[in-house]
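The sequence and structure are shown first.

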Amino acid sequence: PAVSPDGLPPLGETWLAENPYRGNPAALTIGRDAYNQACARCHGADASTNAAPAPDLRQLNRFCKRISDAELNAACMRDNDAYFAKTVRNGKVIVGVTHMPPWQGVLKQELAWAIQVFFESRAGARRE
């Protein structure tokens with residue numbers, strides 16, 4: 001994507017285990033732009049539909065939201081972040097069929113984590 005991560009704290013080359021940008025308003029804006037350039041074709045424009053061919057990313061942390069215990073919720077979100085980062089970096093191949101290409105080397109982790117901030121912000125959006 002032709003989106004700059006300028007305005008976000010740089011994270012370096014080694015991927016972090018957790019999303020450091022939750023609650024960062026700049027990440028939300030940058031994430032929306034990066035999402036619409038890199039993800040919308042398969043996951044739906046503005047993360048606003050469950051009718052797209054790829055999974056509805058607004059549902060990615062739905063189980064974590066149900067956990068009221070703060071410590072368990074944090075553990076759930078860490079697992080969710082690990083799944084997200086692994087899928088973004090390595091793509092998704094199921095039974096030999098590529099469902100999502102790998103973005104390692106194409107998408108900086110700053111943009112990936114910002115994208116996650118964006119679609120998590122859309123989790124309460126009305127489903128179409």
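## Salt bridges

R32 and D33 form a salt bridge through their side chains, with an N to O distance of 3.8 Å. The term denotes a side-chain nitrogen of Lys or Arg within 4 Å of a carboxyl oxygen of Asp or Glu. R32 is partly exposed, at a relative accessible area of 34%, and D33 is partly exposed, also at 34%. Buried here means under 20% relative accessible area, exposed over 50%, and partly exposed in between (1.4 Å probe, protein chains only).

By this rule there are four salt bridges. In one of them, the side chains of R58 and D56 meet at 2.8 Å, N to O; both R58 and D56 are buried.

## A salt-bridge network

R22, D81 and E120 are linked in a network of salt bridges. Within it, E120 meets R22 at 2.9 Å, N to O. This pair links distant parts of the chain, 98 residues apart: E120 lies in helix α5 (residues 109–121) and R22 in the segment before α1 (25–38). Helices are DSSP runs (H or I, at least four residues), numbered from the N terminus. E120 is buried at 16%, whereas R22 is partly exposed at 32%.

## Cysteines

One disulfide is found in the whole structure, a disulfide being a pair of cysteine sulfur atoms within 2.5 Å. It joins C64 to C76, with an S to S distance of 2.0 Å. Both C64 and C76 are buried.

The sulfur of C39 is 8.7 Å from the closest cysteine sulfur, in C42, too far for a bond.

## Basis of the values

The model is predicted: local features need pLDDT of at least 70, side-chain atom pairs count only at pLDDT 80 or more, and totals for chains, interfaces and linings use all residues. Residues are numbered from 1 along each chain as its sequence is written, and side-chain values use heavy atoms, leaving out hydrogens and water.

Conventions: Helices (H or I, at least four residues) and strands (E, at least two) are DSSP runs, numbered from the N terminus.
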